[in-house]
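Here is a short briefing to read alongside your structure viewer.

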Amino acid sequence: MKASHLLALVTSAVLLSSCQKMIFGDEPAADPVSVFEGLHRTVKEHYGLFRVKTLDWDSLGNVYRPQVHDGMSDAELREVLAAMLTPLNDAHITLYPNSADLPRWSIDLVNGAFIDETFHFATVKDHYLTEHQEVNEAVEYGRLVDGHGYIHIRHFDGSSSDYTKGLRDAVQALAGTTGLVVDVRDNAGGFDPFAQYSAGLFTAQAATYMRVRRKTGPGPDDFGQEVAWTTTPTGPAYAKPVVLLTGRGSQSAAETFALAMRTQPHVVHIGDTTAGAFADNAFFELPHGWGVTLSVADHRDANGISWEGRGLPPAVVAVADRDGLNAGVDAALEAAMEALP
């Protein structure tokens with residue numbers, strides 16, 4: 001999950017999720033070299049995807065260490081650290097500088113913000129829905145102009161009742177439709193168990209969809225036992241045709257949700273490739289008030305394939321653009337509607 005504020009990381013620490021615990025230690029030295037070495041050591045000991053990324057982290061450190069020196073500004077240090085982290089190609093890695101004047105950094109952020117030109121819910125609401133119901137902060141639903149159902153899942157944060165009641169109620173309200181679009185194009189993730197439960201509302205037959213190993217030690221191969229995740233029915237399943245609609249903004253738990261949904265034969269995946277940031281991540285404090293989130297697990301699909309850094313490609317590519325959205329046309333949603341009977 002791409003948290004907007006450090007507070008979100010603190011409050012999310014209590015559940016197994018795509019955002020994990022914060023780790024603190026004694027106040028270390030505050031010079032640029034200490035910040036650099038603290039980041040390099042932290043990544044080396046806790047990052048869970050070195051085998052997947054096939055990168056030599058020590059070699060990267062040797063390249064960028066000479067560029068760090070006393071007297072450099074925080075902005076200059078941020079640029080060096082970002083350059084070292086970039087080859088990991090991991091949107092779950094976010095660097096938080098110690099200055100409010102410097103934006104957080106990640107490979108998918110522009111000046112600290114995620115910009116998506118391919119999704120605008122107002123376009124969906126104003127031009128494609130004949131009725132609209134906002135259930136809670138995570139879930140809203142309605143009926144499309146062609147009579148099919150539509151559910152927008154904004155995130156997998158919040159409380160379990162957002163899904164065990166809110167999403168469940170939305171699915172049941174649309175039980176009479178002949179087909180359904182489940183839209184997670186702007187879903188930046190949250191808690192994997194919430195995503196698992198949600199997928200169960202569309203699961204007609206149980207299926208293993210994910211295999212997870214969590215980092216347990218400082219070595220590159222220090223992992224716990226693999227855990228298989230299975231999607232099972234969590235209520236009267238919506239087993240009629242479903243289109244799962246994803247975009248580049250679909251990240252983390254939204255991607256594990258997609259893995260689960262894709263096991264079901266009545267679900268077709270349409271839209272754009274997902275972000276490619278699956279693994280649980282944790283926040284670590286660095287010297288001088290800096291911080292970083294890191295992927296601390298290895299998430300793979302049921303066949304043992306890692307989609308980290310690549311994202312899940314849809315069966316049918318359909319992507320809206322800003323000009324079309326401004327004109328009231330959502331090309332991806334229209335493709336989803338056409339795919340339903």
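How do H2 and H5 lie relative to each other: roughly parallel or roughly antiparallel? The axes of helix H2 (residues 32-46) and helix H5 (residues 74-85) cross at roughly 20 degrees, and angles under 35 degrees count as roughly parallel, so H2 and H5 are roughly parallel to each other. Please bear in mind that this is a predicted model. The points below start with this helix pair, then turn to a sheet and its helices, and end with some individual residues.

**The H2 and H5 pair**

- Two packed helices are described by the angle between their axes and the distance between the axes.
- For H2 and H5, the axes come within 11 Å, and the crossing is right-handed.
- On the H2 side, the residues that meet H5 are Pro32, Val35, Phe36, Leu39, His40 and Val43.
- Their counterparts in H5 are Leu77, Leu81, Met84 and Leu85.

**A three-stranded sheet**

- Strands of a sheet pair through backbone hydrogen bonds, either parallel or antiparallel.
- Here, three strands make up an open sheet, with the order E8-E7-E13 and antiparallel pairing.
- Strand E8 (227-231) and strand E13 (297-301) are the edge strands, and each of them pairs on one side only.
- From one strand to the next, the twist averages 25 degrees.
- Strand E7 (residues 207-214) runs antiparallel to E8, and five bridges join the two.

- Helix H8 (residues 192-200) lies across E7, E8 and E13, and its direction is at about 35 degrees to E8.
- Helix H9 (residues 253-261) also packs on the sheet, where it touches E7, E8 and E13. The direction of H9 makes about 145 degrees with that of E7.
- H8 is mostly covered, with seven of its nine residues buried.
- The buried residues of H8 are Asp192, Phe194, Ala195, Tyr197, Ser198, Ala199 and Gly200.
- Their cover includes helix H7 (161-173), along with E8, H9 and E13.

**Thr274, a threonine in a loop**

- You will find Thr274 in the loop between strand E10 (267-271) and strand E11 (281-285).
- Thr274 has a relative accessible area of 0%; buried means under 20%, so Thr274 counts as buried.
- The Thr274 side chain reaches the backbone nitrogen of Leu312 at 2.8 Å.
- Leaving aside residues up to four places away in sequence, Thr274 touches Thr246, Gly247, Arg248, Ser250, Glu255, Arg310, Gly311 and Leu312.

**Two residues with positive phi**

- Thr54 is not a glycine, yet it has a positive phi of about 50 degrees.
- Thr54 sits in the loop between helix H3 (50-53) and helix H4 (57-64).
- Is Thr54 buried or exposed? Its relative accessibility is 65%; exposed means over 50%, so Thr54 counts as exposed.
- Ser252 likewise is not a glycine but has a positive phi, of about 65 degrees.
- The loop that holds Ser252 runs between strand E9 (242-246) and H9.
- With a relative accessible area of 0%, Ser252 is buried, whereas Thr54 is exposed.

Methods: Residues are numbered from 1 along each chain as its sequence is written. This is a predicted model: local features need pLDDT of at least 70, side-chain atom pairs count only at pLDDT 80 or more; totals for chains, interfaces and linings use all residues. Side-chain values use heavy atoms; hydrogens and water are left out. Helices (H or I, at least four residues) and strands (E, at least two) are DSSP runs, numbered from the N terminus. Buried means under 20% relative accessible area, exposed over 50%, partly exposed in between (1.4 Å probe, protein chains only). A polar contact is a pair of N or O atoms within 3.5 Å; within protein, one must be able to donate a hydrogen and the other to accept it, and residues adjacent in sequence count only if both atoms are side-chain atoms. Contact means heavy atoms within 4.5 Å. Two strands pair if DSSP finds at least two bridges between them. Axes are lines fitted to C-alpha atoms, for helices over the stretch in contact, and angles run from 0 to 180 degrees between N-to-C directions. Angles under 35 degrees count as roughly parallel, over 145 as roughly antiparallel, 65 to 115 as roughly perpendicular and the rest as oblique. A crossing is left-handed if the near helix is turned anticlockwise from the far one by less than a right angle, and right-handed if clockwise.
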